[in-house]
Structures are given as structure tokens and as C-alpha cells.
Amino acid sequence: MTAVVTAPRAARHRPAVVEMVIEHARLWALFLVVVVWVAIWAVTQGQDTLALSASAITDTHRQLQDASNWVEDAASSGSSVWVNAANNFADWINSVFEWLQHIFTVPEFPRPLPQIGWLGTIALAALVTFAVAGWRSLLLVVPSFLAFGFLGYWTDSIDLLLVTGIAVVIAAAVGIPLGLWMGHSKVVTAIVTPVLDFMQTMPSFVYLLPISILFGIGAAAAIIVTLIYATPPVVRITAHGIRTLPAGVMEATASMGQSRRQRLTKVELPLAKRTIIVGINQTMMAALSMATIAAFIDGPGLGQPVLDGLKRGQLGTSFVAGIAIVIMAIMLDRTTTAASVRSEQASRADQAHTALRRGALGAGAIGTLVALYLSHNYVWANEFPSSPDLGTPIRNKVDDFGQWLLTDVSSLTTSIETTFTEKFLNPVQSLIAESPWYVTAAAFALIAVIVGGMRAFLFTVVCLAGIYYLDLWNFAMITLTSVLVATAIVVLLAVVVGVWMGRSRVVDRIIRPFLDAGQTMPPFVFLIPIFILFGPNRFTAMVAGIIYAAPVAIKLVADGIRGVSTETVEAAESSGTNKWQMITKVQLPMSRGSLLLATNQGLLYVLSMVVIGGMAGAGALGFDIVHGFRNSSYVGRGLAAGISVVLLGIMLDRITTYGAERAQRSQDSSGRTAARWRKVLRLSPAPQGLAHG
Amino acid sequence: MTQTENRPQAENAAPEGTDLALRVESLWKIFGPRADKIIGTPDADLSRADLKRKTGCVVGVRDVSFEVAPGEVFVVMGLSGSGKSTLVRCLTRLIEPTAGKVEVGGVDVSNASESQLRDLRRHHVSMVFQHFGLLPHRQVIDNVAYGLEVRGMGRKERRAKAEEVVGLVGLDGYERSYPDQLSGGMQQRVGLARALAGDPDILLFDEPFSALDPLIRRDMQNEVIRLHHELGKTMVFITHDLQEALKLGDRILIMRDGALVQLGTPDEVVAAPADDYVRDFTSEVPRSHVLTLRWVMREPRDDDSLEGPVMSPDTIVRQAARAALASDHPVRVMEEGRLIGIVDDDAILRMVVAETDAPDEDGVPA
Ligand SMILES: Nc1ncnc2c1ncn2[C@@H]1O[C@H](COP(=O)(O)OP(=O)(O)OP(=O)(O)O)[C@@H](O)[C@H]1O
Ligand SMILES: [Mg+2]
């Protein structure tokens, strides 16, 4: 009796501190884990860190090396059917590519010039653009092509377009039918979705090494790796387009007795056309970003000068090539977007308009033929004019700027870099990488449990075990440190800017286009300016990672904030909440799911950039991967590094994904917006398109 | 309106003729995994909620049988979730029935092959949907022609035919518009035209007008009545609006939780509701607008005056009221030259007054 009466009273009189701990139990648990970890680290620092010298090779690495040798042998001897088929495919791709190259960029003996030079190429591009995207896009496409030439990268640009184009055509040819099939079959969806999830969790470069083992290096390997990386978006978006067709229309047309074929051609494809083109846009942007990174395996195109410049310290070269990549990204993105919009308008054009368009197309076709003829027969229309030369002045300016930085202000950039490294990075790195490996592992396992629950724990344990087994624990932890610190900054940035955008439409309208543009850029180009400023080191890779990851994270938070129902906000306002309380007590907590998703995306984007940075000179796992391409006796270790990156990615992805799911469950309304954004995200991976797992 | 028995009673058989337009026998639809295993077991008798709790399956249609005669307007009504849409979709297997039999024009639909089913949908049965289901990328004319197109009819021919039907539903001049350029009412006219274009034997309507505002709805109802007069098609019309049901229906089938609760002519349903559910449904209806003298007359007595006006038993009470009240003598109800009942002023007044006072389930003298 008395117990019943006193119990609630006791609860009411719990001290404020206890209340707080109970209310945010998980946060406090995390805090506790970190405190204990730091305490243990203080006494055990430097023990059992599993550090490995840069040139050491372990048994595990040797096993991987043997496996890769086996594949290479099989490839050269043709003893395995599968490897054989893969090689035939690669040969076929190679011949297609070479054929196109001979037309556009590479002279074929005895001709001193390619079949079609700049004039014909531009005319052809203009005609295609006009046909699919309308005349307005010409205003972007023609100057873009001219810019490629004037910047001095005509050949590399066209090569990159060819690599991207071949990959996109094959990706669409495979991906659209597969997406249609997925849209119709739950079984196929159940089988394909996890594969796509996995593929999109992979940072682009982890495909490079396995593909180069299987196919060697060069154009074919570059196209294949691009193809693999770029296919998921179009599959996923096509399936989504089919699945979300208006049920009423599907039912009504079914009631008229259409056959399956009629349903596909007369209803589904026309209705989903626009969505499918959006899928192609996403695939194209992913392909472009992969095709530039494929320079690491000797993929032709603009990635080459970027990489060369970075390697040789000729940053001006990288920068100019980077500009060309940016122009190409914008051109491809805008044109395909215009094409998707036009796909709807075109069918509605009135007859006069259609006739006009047909006439213009005819005239354009004739003009193109003339241009092709000229281009084939006259040097002036074939070889891109060498003046005006825009590339050289920019290159020199950038090189001068770099020199100036090095001599006159190096103290400033260096001090920024050292301060940050010493004050933030090193302490965290010391904790993570210099604790005994089992302490760090235990800490991460606990954090996983607290944030994401049992499933996250299992994934974490398995991934950490894998990293341990691959003998690159210490490098993995160094990479992980960069990722965590950079992501913390990304999330901070996302909260500040995201809240600002979420609360003000004007701010949103101003900032969003920049974020959109940022998302379409291949990651390589972020690296170049930071490289120029800070040189090749961990800090550079992190800053590039932050810039690369910020747009997606900011958008997620902004949309989460905006997604908090106006009713809730008004209710809070009417009870006298001030602005600060509104943000901290209503809007942020209610968009918790989006926040975790932003963290998830931030982690994966940053991871991929940090490793790319490592490949370009910032060390740790990225260095090992590159070493694998360059030095045949390090292939095994390179593979181990690649797999370690994958395992890190999966671990971070799972912890945050399950955490986000949990946040959704506990807070349904924000969960729904988060779930919605998950869906949107899945549909529109940025070029680097990491996990939306 | 078709004939009615004096004794109100649910009749599943079509009122006339032998070659039926539509016959449905013990139709079941249960949504959920392994639904076919449930029918025939005691579980099938569980209430909808209990079944859901026990097996996770939802009953959409429960053991429904009825017949529809050619040219009849057959209305199905019931509250939201009572299974009307499911029932009507089972007729052409847009939803696959779990058990039971459907025959259209004597052809067994339940066991039809895919190509037979296509033929049925292309030539014999068309449907009009609540949310129109028009193809947004096609002009009105090509929406209307869609059914002809999937039959393989040539472009010129089908467009000519579609043009004709567009005129029939009063959309002249809108052939080249796109659906999103039309109002809801006009879009539904397109839906109607699309269904009519194939010249089907049976038209199915699933709450075609409930997305429209009341005025447009009335227009469209009149349109359907007009088309029925002109074309004489058999119609199965789903609605949850009793007014609409009474206005259009030759017979009305009332459903609850997937099962049939009453099947009868409009006046039977209003005058003799099978249970409280139906009574609730019909309580809002002004009875004098629906009921015929048959429902208010009493047995003739020897002392009845023989000077009152003579009327048929199928005269609507409201139409009879003025003449009946003007006369000093009670109305004589005659059928085939035989006096079958007497209606005095009292009976009429009671009905009209009850309506204006409180439209509730006051007993109706029958
Ligand atoms: N695909 C489905 N899966 C599971 N249950 C369904 C499905 N379609 C309908 N149901 C259920 O079957 C029952 C009948 O639905 P139906 O749509 O036929 O009702 P209705 O009478 O047309 O209602 P309304 O007037 O709202 O259109 C409902 O309880 C519904 O939840
Ligand atoms: Mg319905």
C-alpha cells in the first residue's frame, strides 16, 4: 500500500542530474565509454598498436598476392571460363573505344589527324544536344567544348567523354531493363537491392585494384570500372519510377485489356520516361567522377593531367584540367536535366512548333554533315586552334600563386595546418591508433551497441576482426581518425548551415544551388585547390573531404528541419518558445533521424575523400592502395588496404544507419521525414554516390 | 424500374429473362498469405476483425452471390471498407478472387485464360474509376481511344470512333486537351468516354463521382441516366451515396464487412431494411420520394368509399400526395383492374410529416 503511494513521489523528487542522465541515457553512456577509454589509453598508450612499417608484407598480404597472381595467370592463359569471358568483354570494349578514338582523337596511320576534328565533333555534339535537350542547352554545350580546346585539353576532354559515354550507354542498356524487371518483381528487388546497397557503399576507388588485376590497366579497365560504379543509380531510379507509377492509371489501363508489352510501351515507359532520364543523369555524373579517378589505372582522359600534376607538384596543370572537369560536369548535368524536362514538353508541342523543330533539326543535320566534311578534309577544322590559349596563363598564374604561397605565406598556411593537426588531429589519433588494438576495438564495439544496437555491434565486430586479420590495423585507425574528425566538422557545419537554411526560405534559395553544384563535382576536383594551399598531407585530405561531404549533409539537415511539421512549430511558438529553444528543443530533436543520416553520409563521403587524398600523397590506407597499382610486389598489401577501407565503410555505415532507424522509431514524425529522405537519397547519390545502406 | 413483389424480400436472382448479363456465385476474396486455405474452414466464419487477429488475413468479399439482367442498373453500396471496390474488381479479375464463380454473358470468367480475360476486358466489360486513371501524357482523344488501340485498331479508325464518343459525353472541342487541363468533372467524362468507346456489354463504375462536387455530381448522374436510356447498357454502379443509389439503381446490393446484407429494389431497401445497418443507411432518405403506394396502402375493407382517385401501386407517394389530399375520398390502388389496397390521407400525411419532423426510422405502415 505505502509502496504504491510513495513510488511516484520518489520519482517526482529525483534530483535534476539523475533526471538528465535518464533522459539522455545513451549520450551519457557514450560519454562514459570515452572517459574510460581515455583513462585506459593514458596508461597503455603505445602498447600493441599493431603498427606496420610502410614496406612490410605479412602472410595475409602474401596470400592475397597469390590469389591475385592466380587470377592474372588465369587471365593470360585463358584457363578459366569466367576470366576468359571477362577478357573477351574487355577486348570488345577496347576495340569499341579505339575505334571511337580513331574517329575523334587519335590519328590512324597513314592519316596525320583523326577522322573528325574539333569542328565536326562540336557540330555533332550540338546536333545531339539540340535533339535531346533543346536549343537552349546549345548555349552551354558549344562554349563548353570550345573551353576544353582553349584550355589546352581537347584530346583529354574528348577521351574522358568517350570513356564516360561508353560506360553510360552500357550501364543504361543493362540498368534500365534490370530496373524495369525490379519494378515488376518483388523477388528480383529482394535479390538486387542488397547488391546495389553494397555497391553504393563502396567508395569508388576500391574497385580500381581488383579490376586492374583482372583486366590490367588502360582504357578497357577504366571503362569497366566506371561502368560498374555507375550502373546502380539508373537501376535503382528506373525501378523506383516503375514502382511509383500512379496505381489508378495502371489499374485503369489494365482494365482495358492491354497486354504486358502494351503496358510497357504505351503506359510504363512514357510515364516513367522522365524519371528514367533522371536516373541516366545520376549514372552519368557517377560515371564522370569514376572516369576521372580511373586515371589511377591509366584511364584516358582529364584525370591524367590532374594526377600527373599532383604527382609532379605542377599544380597549375592539375588546376587547369580540374577546370575542364568542372565545366564538363556542369555541361553533362545541365544537359541531361534539360533533356528530362524536355521529354515531357516535347510530346505536348503544338504542330507548328513540331514542324519548326523538324526543320531546324534537318538544317542542323545538313550543317553537321558539312562540318564533318570540313573537319575530315581540312587541317584548320580538325586540329584545335592553339590560340587563344587560356590554359597557359591560368597554369602560370596558379603556379605563381603556389610559389608565392610557398615562399611568402607558407608560414600562414603551415601554421593553420600544424595548429589543427597538433591541437585536434593528433590527440584523437593518439587515442584511436595508439591505444592497444583490443582497447580501441572494444571501445568501438561498445559505441556501436549504444548508437545502433545489437545489429550494429555484430557488424562492427566482424569488420574490426577483418581489419585486424588484414594486418593493417594501425593504418586503418589513422585513416579512421581523419574520417571521424572531418565528419565531426561536417556535422557541425551541417547543423549550423542546415538549421539556418531550414529556418529561412531565402537563405535556402541562395545556398542550395551551390550545394547542388558541389554535389555534381567529381571528388578529384576538390582536392586540387586544397592541395595547392596545404600540400600533400592528412590535413589536405580532410579539408577536401569536408568540402566534398558538406553539401549532402547540409541538405539533409535543412530538409529535416523543414520537415518538422509547421503545426508542431506553431504549437511551440504559441507556448512562448524563443528562437534558441525552438532550435535546440524542437527542431533539432525532431529531425534527429535526418541528423544521423547526415552523419552517415558525411562519414562515407569523407572516408572516400580521405582515401583518395591518401592516394594522392596523404598516406595511410590510400597510400597502400596506390602502392598496389604501382609496385607489383605490393599488390597483396594494396588489396588488403582496399578491403580494409570497405570494412571501415561498412562499419561506419551500419552503426549510423541502425542508429538512424532507432531514432526514427523513437520519434516517429521526424522518422518519417528521415525515411522519406532516405528514399530520396537512394535515388540521387552524388557522383561519389556512397552508401545509402 | 423492374417489377417488385408485394412482400419485400431479398432476391438474388435477376428479375427478368434467362440470359444473364452477369452472374456471381459464392464469391470470396481474402487478402493475405495463404488466404485460399481459409475458405471452408471454421475460420471463414470468424468476423473480419477476429480473422485478422488470428491469421493476419483481411476479408474483402465474403460469399457474395447475385445476378444482373441485361440492361439493368445494379448498384452496390456500403460504407467505406465494406468491400465494394474489391467486389467490382473481382468481376474482371483486376483483383484475383479467392473462391467462387463469375460469369459474364454466360462465359466463365473465373477460369478464363489470360487471353480470354484480355478479350473480355477489351470487348465486353469496361470500367470507370473514382480517380479517373487517365494517361497524363495523352490527349483526351488518345485516352478515349486507348481501349481501341490495345485491340489493335488502326489510328485513323480509332480516332474517328473516339471523336464520336467524346461528342456523346459532351466534350466536343476538348479532343486535343491533356487531362491536367480539364476539371475533375470533365476528366470523369473522359473516363466515361473511354469506357464507352469500346462498346462494351457491361459498364462497371467504382464510385465514379465521389471525387466531384455536388453540382457536377448531379450533372454526371443525369449523364449516366441519359446514356443508359440511349445505349441501354448493363451497369454495375458502386457508390456509398444512397441518394445516388436510389436515383440510378434498378436494384441495390448493400454490403457490410464484405458480406451481402440486403439485395432489393430501392423501395424495398428503404421500406423494409434487412437490419439496423441498412436502416441506419436509409434513415436519411425522404421516404415519400422513394416509396410507392404499395408500401403505404392497407387492405381494402367493405366500408371503403369507392369514389377516390385510382392509382397504380407503383406510384411514388410524393407524386400521389397532392391528388390524394385534394380528394375527400381515399385513394384506391388498382392493379390489373383489381382493387388491391386503399391509401387514406392519414397514411400519406404520416409519412410526409415524419419526414419534415425527424427523418429517422419511424415505423412505416406496411
Ligand atoms: N490489396 C489489399 N490488401 C489487403 N487488404 C485490402 C486490399 N485491398 C482492400 N483491402 C481491404 O479490403 C477491405 C475492402 O476494401 P475495399 O477497397 O473493397 O472497400 P470499399 O468498400 O471500396 O471502400 P471505399 O468506399 O473506401 O472505397 C478493406 O478492409 C481493405 O482494407
Ligand atoms: Mg472503393
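How many residues does the contact take from chain A and from chain B? The contact, meaning heavy atoms within 4.5 Å, draws 19 residues from chain A and 24 residues from chain B. The model is a predicted one, so local features need pLDDT of at least 70 and side-chain atom pairs count only at pLDDT 80 or more, while totals for chains, interfaces and linings use all residues. Side-chain values use heavy atoms, with hydrogens and water left out.

About 1900 Å² is buried between chain A and chain B, and carbon and sulfur atoms give 56% of that. Buried area here is the accessible area (1.4 Å probe) that two parts lose on being put together, summed over both.

As for charges, 3 salt bridges are counted between chain A and chain B, a salt bridge being a side-chain nitrogen of Lys or Arg within 4 Å of a carboxyl oxygen of Asp or Glu. Arg260(A) and Glu114(B) meet in a salt bridge through their side chains, at 3.5 Å from N to O. Helix H12 (247–254) and helix H13 (260–293) of chain A are the elements that give two or more residues to the side of chain A that touches chain B; helices are DSSP runs (H or I, at least four residues) and strands likewise (E, at least two), numbered from the N terminus.

Over all chains, the structure holds 37 salt bridges. Within chain B, the side chains of Glu207(B) and Lys84(B) form a salt bridge at 3.7 Å, N to O. Glu207(B) sits in the loop between strand S7 (202–206) and helix H8 (214–231) of chain B, and Lys84(B) in helix H2 (residues 84–91) of chain B, so the pair ties together parts that are 123 residues apart in sequence.

Chain B is assigned domain 1 (3–285) and domain 2 (288–356), with bounds from an automatic or database domain assignment. Taken over C-alpha atoms, the centres of domain 1 and domain 2 of chain B are 36 Å apart.

Chain B also has an open sheet of 3 strands, in the order S11-S12-S13 and with mixed pairing; two strands pair if DSSP finds at least two bridges between them. Strand S12 (residues 331–335) of chain B pairs with S13(B) in the antiparallel sense over 5 bridges, and Arg332(B) stands opposite Ile342(B) in S13(B).

How values were computed: Residues numbered from 1 in each chain as written. Chains lettered and ligands numbered in written order.
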